[in-house]
Amino acid sequence: MVSPVRLGWLSIGALGILALALGTLQSVVEPALPLLQRELGVSPAEGALIGNALLITGAVVTPVAGKLGDRYGGKRVLVRLMAVVSAGGLTAGLAPNLPVLLLGQVLQGVMVGALPLSFILVRKHLTPGESQAAIGLVVALFTGGSMVGTLLAGPIAEGLSWQWMFVLPTIAITVTTLVVTRLMPHDPPIRSDDGIDWPGAVLLSGTLLAFMLGLVTVTRDGDVPPLAVGAVAVVVAALATGWVVVERRAASPMVDLRMLAKPAMWHACVLTLVIATSSGMVLFLLPQLFAVSADGYGFGAGTTDIGLFLLPGAVAGAVSDSVGGVAARRFGPRAVVAVGAVVTAATMIALASLHTAEWQLVLAKALTAFAAGVGTTALLAGTATAVETKDVGIATGLLVVTRVIGVALGVQVAGAILDAGAEPMTGRPAEPAFVTGFAVAGLVAALSLLVVRVTRKGVQA
């Protein structure tokens, strides 16, 4: 095994800067989404696809990246993934229309695999104590990058153009990857008989994309024939069924669905899906309302202002990740989820009836981001202690994928609600559409309380 002393803190710093640049690139879309919709001439539901394309790729790459790193070497796979991310960033930066931008976002989505690969590298080259410190630094800088992207998206888009939001972080990623390539020692691959579940990855991504595109089609065109709607539903159901069949038969499945036979596991997955769906709806609705013209019921905020308004929520979400585990140990996951559900539901119902000032939306974003973060982290921590040690990686990976799917689902549903409530003359979402969106987000969050009660014996503290 490679000696731990071969990896210096300069190399760790390079990994950290790479994580910072990746977090920045990942987060520029959220505050700029209303601007992108205007520039590209697309509806809210179509705009929702921009962020979801990255999420879907991330959901597929997350379980695969670690296996690839173990099999072929963490450095080797990391460099290749960063080449794909760089290609995606440049594609997005040169995109003349929505399909090309979506392609760029799909390619960028493989950035999610950078974190597990970074963990593989530090684990192989550092002592356990040093590894913990290095992993903490990389994660903290990735989170910090998300805040940087939220703040800089507006000034870059308004000072240069929206294309540069993607190009500038991509340049930083490319340069930093070259530095990592030079400084980081090679890590030997680990022999393994486990295969890579490529059919499962393709079917999962196909299922999610078919669902998102079908939802956009149905809500964008009010006169879609029932037969077409049925055809979309059949395609999604067929892909989902095929994925389940493949995963159940695969020797080394991408997502081990057999884990769902354990009550604690499927209870946690259902709760995570519900929480993430509500969180995804809030994630999409608030920037849209900030951007609505101030001559109506909105605030006419530009991309820079939207980024500033969203920053407290980003900070609250980052803090919640550290609080969730502690709260789960002290009070139990059920109690944490229940409190978070009450906070989110109450906040959304209040926002549905009162959204006349910016501070109300800022506060709502911070409260819901904290509640969702604490709840999902508590479920991760609780599940990790409820399953056998050998199953911790599989169980937590399943929850991470569920969380990503939930957020993507919530974003797309929120976009569909705004599309369905658009004014015929202007195409702009009417105020009742936002009221409906906030109310639905609150009701979805409240559903967590029902799930907690029904599964009381299954969610272990």
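Modeller: Let's start with α4 and α5, which are roughly antiparallel to each other (angles over 145 degrees; under 35 is roughly parallel, 65 to 115 roughly perpendicular and the rest oblique). Bear in mind that the model is predicted, so local features need pLDDT of at least 70 and side-chain atom pairs 80 or more, while totals for chains, interfaces and linings use all residues. Numbering starts from 1 along each chain as its sequence is written, and side-chain values use heavy atoms, without hydrogens or water.

Colleague: Good. At what angle do α4 and α5 cross?

Modeller: Roughly 160°, and the axes of α4 (residues 74-93) and α5 (residues 98-108) come within 7 Å. Axes are lines fitted to C-alpha atoms over the stretch in contact, with angles from 0 to 180 degrees between N-to-C directions. Helices are DSSP runs of H or I, at least four residues, numbered from the N terminus (strands are E, at least two).

Colleague: Is the crossing of α4 and α5 left-handed or right-handed?

Modeller: Left-handed, meaning the near helix is turned anticlockwise from the far one by less than a right angle.

Colleague: And which residues of α4 and α5 meet?

Modeller: On α4, Val 84, Val 85, Ala 87, Gly 88, Gly 89, Thr 91 and Ala 92; on α5, Val 100, Leu 101, Leu 103, Gly 104, Leu 107 and Gln 108. Contact is heavy atoms within 4.5 Å. The α4 and α5 contact has eight nonpolar, five polar and no charged residues. Nonpolar is Ala, Val, Leu, Ile, Met, Phe, Trp, Tyr, Cys and Pro; charged is Asp, Glu, Lys and Arg; the others, including Gly, are polar.

Colleague: What about α1 and α4, how far apart are their axes?

Modeller: 13 Å, at about 30° for α1 (residues 9-27) against α4. That makes α1 roughly parallel to α4, and this crossing is left-handed too. Leu 15, Leu 18, Leu 22 and Leu 25 of α1 meet Leu 78, Met 82 and Val 85 of α4. In that contact there are seven nonpolar residues, with no polar and no charged ones.

Colleague: Changing topic: how many cavities of 30 Å³ or more are there?

Modeller: Four. A cavity is a set of points on a 1 Å grid over the protein atoms alone where a 1.4 Å probe fits but cannot get out; a pocket is an open set with protein on both sides within 12 Å along at least five of seven lines, and lining residues have an atom within 4 Å of a point.

Colleague: How much space is in the largest cavity?

Modeller: About 110 Å³, where volume is the space filled by probe spheres set on points joined across faces, edges and corners. It has 15 lining residues, and Ile 275, Gly 340, Ala 341, Thr 344 and Ala 372 are the closest to its centre. α13 gives the largest share of the lining, five residues. The lining holds eight nonpolar, seven polar and no charged residues.

Colleague: How does α13 pack against α16?

Modeller: At about 160°, with the axes 8 Å apart. That makes α13 roughly antiparallel to α16, and the crossing is left-handed.

Colleague: Last one: what is the volume of the second largest pocket?

Modeller: About 500 Å³. Of its 21 lining residues, Leu 204, Leu 208, Trp 243, Leu 273 and Ile 405 are the closest to the centre. α9 (198-220), α10 (226-249), α11 (263-291) and α15 (392-420) each give two or more residues. The lining comprises 19 nonpolar, two polar and no charged residues.
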